[in-house]
Structures are given as C-alpha cells and as structure tokens.
Amino acid sequence: MKKLFLFVFIICFCNAKSMVVLDPASIEILYMIGAEEEIIAVPSMGNLKPVDKTSKLDTVGTFTQPNLEKILNLKPKIVILTSYSMGLKDQLEKYGIITKELPANTLQQIHDNILTLGKMTNREDKAKIVAKEFMEKIEKIKAKPINKSGIFIYSATPLMVFGGDTLPSDILETIGINNIGKHMIGRQSILDTEYLVSKNPDIILYGLRIASKDELVKSNTSFKYLKAINNNNVYFLELHSLLRGSPSIIEEIIKIKKDIETTLK
C-alpha cells in the first residue's frame, strides 16, 4: 500500500502543471530552467528575480504569512514552501495539495534543488546544464583559496554568528576562509566572546543587525584587540542575497572573494 501511495505521489509530483511557489530561490531556478509557465502565484515581495517577470504574477501574501484561502482558490497541485511557512504544510495537505520544501543550507543543496525542480517540471535536460555550470563555477572559486580564518557576525549583542550548518558558513569555506564558528549549530548561534578573542580571526564579516564596524567594536571592548579589527579586515555584506539559495548566489560569492583579496592585509 505504501509503495502504491509513493508511486502515485511521484506521478502527480512530476507531472504537475500548476505551482504556487513561496520560496524565492525556487522561483529564480524555475525561470533559469525554462519552467516559469508552471508558476501560478508567488509571495508578495519587491525583489523576486527576475523582477520584470515575477512582478506580473499573482500573489498569495508574504512567504512568512501566506494567504491560505487564496492558495486554495488557485487550486495548485504543488506548493513550494519555505522554512518560514509555519503550519502551512499540514493545512494544505488536508486539502490534498502536495507540498515540498527545498532547504539550501549548502551550495551542494542548491545544486540538488536545481535537479529536483527539473524533475518536477520535466525540464531535466536544462536543469542538468544549469546545475553543472553552477558546480563548475564553485570549483573554480575553490581552486584559489584565501587561506585565512574568519567569522560571520550578524548580531553584536548578543554575539550571534553563522554556524557550520548554514549557507553563509559554506560560502566562507568555499572561498577559503576557515569559519571559526563552524562548530556552532542552529540559526540562533551565540558565540562566547572569549572564544572569539582566543581564535583571533584574520577576517570578520558582518551584516543584518549590525550597521557599521564602529557599532561592532563598541558592542564589546575586547574586540579592539582582534587582528581583523586592527588590520581593518572587516567587511559588511548584504545578507539577503547570501541567504537566498539560488544559482545566482555565485556572482555574490565571486564579488565577496574579490573584495577581500583586494584589501586583505
């Protein structure tokens, strides 16, 4: 019985012709593999890529607070969720709507998501090309590592960093920065200041809840002893683009690596 259910699930999943896509990265990937006609609605966001095309699509509320009634009225076969779509999975599946979440906590997962969406939309050939090009660019980036230690801080008080199970951490490792916070797990990783000082990273990246280097230093007097601070190897990053797990993240990674290499002391 379970095998029969799984078979029916796969058939329905792979032959879907209508999708509500709440995940911005999945929307971008669907356009890249030529499957945009599968999308019937998206979340109401101003920066969905490609903006000129997604701005014309129907919307179903935000990806954190989607409108269940509107989604049901559209009668999609599949809804692509995000980790922020709390409780929506169970609600939709009560109405027989298949749901799927595509985590992107590593660059490898982004590659896998491209192939998954290719299978779901019968665009496997194009998906394989996009996925292959994506991995080739990653390998090219890895070929010339920065070979420094670093940390990515997104909150000064409390001191919160991106741990080893996050996409920003994988990006650091990809460009050759050993993330001293990679032993931390979870989205709310609070790092001990003494540990940070003892590791004394070569590079500090910051963003999200921190507006400037001065704000970072003022938050903790011991930061003034860090070599990254004293050598001015401190970099602000716009995090929204780094948290969106789509293939276009490669361009951001290349830019970050170049900026660091240009100014690194």
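Buried, for this talk, means under 20% relative accessible area, with exposed over 50% and partly exposed in between, using a 1.4 Å probe and protein chains only. Okay, hi everyone.

What you have up there is a predicted model, where local features need pLDDT of at least 70, side-chain atom pairs count only at pLDDT 80 or more, and totals for chains, interfaces and linings use all residues. Residues are numbered from 1 along each chain as its sequence is written, and side-chain values use heavy atoms, leaving out hydrogens and water.

Let's start with Leu92. It sits in helix H5, residues 88–93; helices here are DSSP runs of H or I with at least four residues, strands are E runs with at least two, and both are numbered from the N terminus. Leu92 counts as buried because its relative accessible area is 0%. So which residues does Leu92 contact, leaving aside its neighbours within four places in sequence? Those are Leu68, Ile71, Leu72, Val79, Leu81, Ile97 and Thr99, with contact meaning heavy atoms within 4.5 Å. Pro103, by the way, is 11 residues from Leu92 in sequence and 19 Å away, C-alpha to C-alpha.

Now the strands. E1, residues 19–21, pairs in parallel with E2, residues 39–42, over two bridges; pairing needs at least two DSSP bridges between the strands. Val20 stands opposite Ala41 of E2. On to E3, residues 58–59: E2 and E3 also run parallel, joined by two bridges, and there Ala41 has Asp58 as its bridge partner.

H6 (107–120) and H7 (124–142) have axes that come within 7 Å and cross at roughly 170 degrees. That makes H6 roughly antiparallel to H7, which takes an angle over 145, while under 35 is roughly parallel, 65 to 115 roughly perpendicular, and the rest oblique. The H6 side of the contact includes Ile110 and Ile114, and the H7 side includes Phe134 and Ile138. By class, that contact has 10 nonpolar, three polar and three charged residues.

H7 also meets H13, residues 249–263, with axes that come within 11 Å and cross at roughly 10 degrees. H7 and H13 are therefore roughly parallel. Phe134 and Ile138 are among the H7 residues in this contact too, with Ile250 and Ile254 among those from H13. Okay, that's me done.

Definitions and conventions:
Axes fitted to C-alpha atoms, helices over the stretch in contact; angles between N-to-C directions. Nonpolar A, V, L, I, M, F, W, Y, C, P; charged D, E, K, R; others polar.
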